[in-house]
Amino acid sequence: MIAWLLVAAIVTATAGADLLQTLEMKRHSGASVSSTAAAVFRRPLLLAAIGCMAVSFFSFMALLRVADLSFAVPATAASFVLETLLAKYVLRERVDARRWFGAVLVAAGVALLAL
(Lines give C-alpha, C1' and ligand atoms only; values in the text may rest on other atoms or scores of the structure.)
Protein backbone atom coordinates (compact mmCIF):
# COMPACT_ATOMS: atom_id res chain seq x y z
CA MET A 1 0.00 0.00 0.00
CA ILE A 2 2.77 2.45 0.92
CA ALA A 3 4.55 1.64 -2.35
CA TRP A 4 1.51 2.69 -4.41
CA LEU A 5 1.13 5.90 -2.39
CA LEU A 6 4.75 6.73 -3.14
CA VAL A 7 4.19 5.90 -6.83
CA ALA A 8 1.23 8.31 -6.85
CA ALA A 9 3.39 11.02 -5.26
CA ILE A 10 6.16 10.47 -7.81
CA VAL A 11 3.80 10.45 -10.80
CA THR A 12 1.96 13.57 -9.63
CA ALA A 13 5.13 15.48 -8.77
CA THR A 14 6.90 14.51 -12.00
CA ALA A 15 3.95 15.49 -14.17
CA GLY A 16 3.51 18.71 -12.21
CA ALA A 17 7.18 19.61 -12.63
CA ASP A 18 7.07 18.99 -16.37
CA LEU A 19 3.87 21.00 -16.75
CA LEU A 20 5.23 23.94 -14.75
CA GLN A 21 8.51 23.93 -16.69
CA THR A 22 6.65 23.93 -19.98
CA LEU A 23 4.37 26.79 -18.92
CA GLU A 24 7.36 28.85 -17.76
CA MET A 25 9.40 28.22 -20.88
CA LYS A 26 6.45 29.09 -23.14
CA ARG A 27 6.00 32.36 -21.25
CA HIS A 28 9.66 33.22 -21.82
CA SER A 29 10.24 31.61 -25.19
CA GLY A 30 12.88 34.10 -26.31
CA ALA A 31 15.01 33.72 -23.20
CA SER A 32 18.54 32.39 -23.50
CA VAL A 33 20.10 29.87 -21.14
CA SER A 34 22.18 32.51 -19.37
CA SER A 35 19.24 34.86 -18.83
CA THR A 36 17.11 31.96 -17.60
CA ALA A 37 19.81 30.91 -15.14
CA ALA A 38 20.19 34.46 -13.89
CA ALA A 39 16.44 34.94 -13.38
CA VAL A 40 15.58 31.53 -11.95
CA PHE A 41 14.69 32.95 -8.54
CA ARG A 42 12.34 35.52 -10.06
CA ARG A 43 10.20 32.91 -11.82
CA PRO A 44 7.69 31.35 -9.45
CA LEU A 45 6.58 28.62 -11.86
CA LEU A 46 10.17 27.50 -12.30
CA LEU A 47 10.72 27.47 -8.54
CA ALA A 48 7.55 25.41 -8.12
CA ALA A 49 8.82 23.00 -10.81
CA ILE A 50 12.09 22.58 -8.91
CA GLY A 51 10.10 21.88 -5.74
CA CYS A 52 8.05 19.24 -7.57
CA MET A 53 11.24 17.62 -8.88
CA ALA A 54 12.60 17.47 -5.33
CA VAL A 55 9.40 15.81 -4.09
CA SER A 56 9.60 13.31 -6.96
CA PHE A 57 13.26 12.51 -6.26
CA PHE A 58 12.86 11.99 -2.51
CA SER A 59 9.66 9.99 -3.02
CA PHE A 60 11.53 7.76 -5.46
CA MET A 61 14.31 7.26 -2.92
CA ALA A 62 11.70 6.27 -0.32
CA LEU A 63 10.04 3.93 -2.82
CA LEU A 64 13.34 2.14 -3.37
CA ARG A 65 13.45 1.39 0.35
CA VAL A 66 10.13 -0.45 0.28
CA ALA A 67 10.00 -1.89 -3.25
CA ASP A 68 12.28 -3.47 -5.82
CA LEU A 69 13.72 -1.44 -8.66
CA SER A 70 11.97 -3.79 -11.10
CA PHE A 71 8.67 -2.51 -9.67
CA ALA A 72 9.59 1.13 -9.04
CA VAL A 73 10.75 2.14 -12.51
CA PRO A 74 7.88 0.61 -14.52
CA ALA A 75 5.25 1.81 -12.02
CA THR A 76 6.45 5.39 -12.15
CA ALA A 77 6.15 5.30 -15.95
CA ALA A 78 2.51 6.16 -15.30
CA SER A 79 3.72 9.76 -15.32
CA PHE A 80 3.81 9.48 -19.13
CA VAL A 81 0.07 8.84 -19.16
CA LEU A 82 -0.67 11.79 -16.89
CA GLU A 83 1.66 14.05 -18.88
CA THR A 84 -0.09 13.08 -22.13
CA LEU A 85 -3.42 14.04 -20.60
CA LEU A 86 -2.02 17.33 -19.30
CA ALA A 87 -0.47 18.12 -22.68
CA LYS A 88 -3.82 17.61 -24.39
CA TYR A 89 -6.15 19.32 -21.93
CA VAL A 90 -4.03 21.93 -20.13
CA LEU A 91 -1.43 22.89 -22.72
CA ARG A 92 -3.86 22.35 -25.63
CA GLU A 93 -1.27 20.38 -27.60
CA ARG A 94 -2.23 18.14 -30.47
CA VAL A 95 -1.86 14.51 -29.41
CA ASP A 96 -2.22 12.07 -32.29
CA ALA A 97 -3.52 8.49 -32.17
CA ARG A 98 -0.02 7.01 -32.04
CA ARG A 99 0.78 8.89 -28.83
CA TRP A 100 -2.57 7.94 -27.28
CA PHE A 101 -1.86 4.31 -28.14
CA GLY A 102 1.54 4.57 -26.47
CA ALA A 103 -0.06 6.06 -23.35
CA VAL A 104 -2.61 3.24 -23.28
CA LEU A 105 0.19 0.65 -23.54
CA VAL A 106 2.03 2.27 -20.62
CA ALA A 107 -1.19 2.33 -18.58
CA ALA A 108 -1.74 -1.36 -19.36
CA GLY A 109 1.79 -2.15 -18.22
CA VAL A 110 1.28 -0.33 -14.94
CA ALA A 111 -2.05 -2.13 -14.48
CA LEU A 112 -0.24 -5.46 -14.91
CA LEU A 113 2.09 -4.49 -12.07
CA ALA A 114 -0.92 -3.99 -9.82
CA LEU A 115 -2.06 -7.60 -10.27
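The following dialogue explains how several features of this predicted model may be read.

Visitor: Which conventions apply to the model?

Guide: Residues are numbered from 1 along each chain as its sequence is written, and side-chain values use heavy atoms, with hydrogens and water left out. The model is predicted: local features need pLDDT of at least 70, side-chain atom pairs count only at pLDDT 80 or more, and totals for chains, interfaces and linings use all residues.

Visitor: How many helices and strands does the protein have?

Guide: Helices (H or I, at least four residues) and strands (E, at least two) are DSSP runs, numbered from the N terminus. The protein contains 6 helices and 0 strands, in the order α-α-α-α-α-α along the sequence.

Visitor: What share of the contacts with a separation of 6 or more joins residues 24 or more positions apart?

Guide: A contact means heavy atoms within 4.5 Å. In the protein, 67% of the contacts with a separation of 6 or more fall to such pairs.

Visitor: What span does helix 3 reach, and which of its residues are buried?

Guide: The expected span of a helix is 1.5 Å times one less than its number of residues. Helix 3 (residues 44-66), with 23 residues, reaches 33 Å from its first C-alpha to its last, close to the 33 Å expected. Buried means under 20% relative accessible area, exposed over 50%, and partly exposed in between (1.4 Å probe, protein chains only). Leu46, Ala49, Ser56, Ser59 and Leu63 are buried in helix 3. Of the 115 residues of the protein, 31% count as buried.

Visitor: How many salt bridges does a search of the whole structure find?

Guide: A salt bridge is a side-chain nitrogen of Lys or Arg within 4 Å of a carboxyl oxygen of Asp or Glu. The search finds 3. In one of them, arginine 43 meets glutamate 24 at 3.6 Å, N to O. Arginine 43 belongs to the loop between helix 2 (33-38) and helix 3, while glutamate 24 belongs to helix 1 (residues 2-27), 19 residues apart.

Visitor: Are these two partners, arginine 43 and glutamate 24, buried or exposed?

Guide: Arginine 43 is buried at a relative accessible area of 8%, and glutamate 24 is buried at 0%.

Visitor: Where do lysine 26 and glutamate 93 lie?

Guide: The side chains of lysine 26 and glutamate 93 form a salt bridge (3.6 Å, N to O). Lysine 26 lies in helix 1 and glutamate 93 in the loop between helix 5 (78-89) and helix 6 (97-114), so the pair ties together parts 67 residues apart in sequence. Lysine 26 is partly exposed at 48% relative accessibility, as is glutamate 93 at 32%.
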